[in-house]
Amino acid sequence: MNIRPLHDRVVVRRVEEKKTTSSGLIIPDSATEKPSEGVVVAIGNGKKNDNGDTIALDVTIGDKVLFAQYAGTEIKVDGKKLLIMKEGDIVAVIK
């Protein structure tokens, strides 16, 4: 992937939810919500403070994160759908 987000932005690949229930029923796309879970695939350098110092991001590449359902801007890179969002749109890191 040839993309590097700027400042405090991160690129996230959504983790797809299961399309079947435990009993084997298939859930159609129209009945599911967009997943609000993903994996960080690229990060920016960080935001600059008033003194010009760069503040590093709290997330790193490979972190599994939760974010607001409609956060970010959807883009397509190499045929894959990705999201670019500010680090502030990420609400938690899943350990």
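## Fold

Strands here are DSSP runs of E with at least two residues, and helices are runs of H or I with at least four, numbered from the N terminus. On that basis the protein has eight strands and zero helices. The model is a predicted one. Read from the N terminus, its elements run β-β-β-β-β-β-β-β.

Taking contacts in the protein with a separation of 6 or more, 62% join residues 24 or more positions apart.

## Surface and burial

The protein has 95 residues, and 26% of them count as buried. Its accessible surface comes to about 6,700 Å². Carbon and sulfur atoms account for 50% of that surface.

## Nonpolar core

In soluble globular proteins, nonpolar side chains tend to be buried together. In this model, the largest nonpolar core has 11 residues. Its members are V10, V12, V40, L57, V59, V65, F67, A71, L83, M85 and I90. Strands β1, β5 and β7 each supply at least two residues of this core.

What does I90 touch, leaving aside residues up to four places away in sequence? The list is V10, V59, V65, L66, F67 and M85. I90 is itself a member of the core.

## Salt bridges

How many salt bridges does a search of the whole structure find? The count is two.

One joins the side chains of D8 and K86, with an N to O distance of 3.9 Å. The cut-off for a salt bridge is within 4 Å, so a pair at 3.9 Å qualifies. D8 lies in the segment before β1 (9-14), while K86 sits in strand β7 (residues 80-86), so the bridge ties together parts that are 78 residues apart in sequence. D8 has a relative accessible area of 13% and is buried. K86 is partly exposed, at 39%.

The other salt bridge pairs K64 with E37. Their closest N and O atoms are 3.2 Å apart. This pair also links distant parts of the chain: K64 belongs to strand β5 (residues 64-67) and E37 to strand β2 (residues 37-43), 27 residues apart. Are these two residues buried, exposed or in between? K64 is partly exposed, with a relative accessible area of 35%. E37 is partly exposed too, at 25%. Buried means under 20%, so E37 at 25% does not count as buried.

Definitions and conventions: Residues numbered from 1 in each chain as written. Predicted model: local features only at pLDDT ≥ 70, side-chain atom pairs only at ≥ 80, totals over all residues. Heavy atoms only, no water. Buried < 20%, exposed > 50% of the residue type's maximum accessible area, 1.4 Å probe, protein only. Core = buried A, V, L, I, M, F, W, Y, C linked by side-chain atoms within 4.5 Å. Contact = heavy atoms within 4.5 Å. Areas by Shrake-Rupley, 256 points an atom, 1.4 Å probe, with all protein chains shown as cover.
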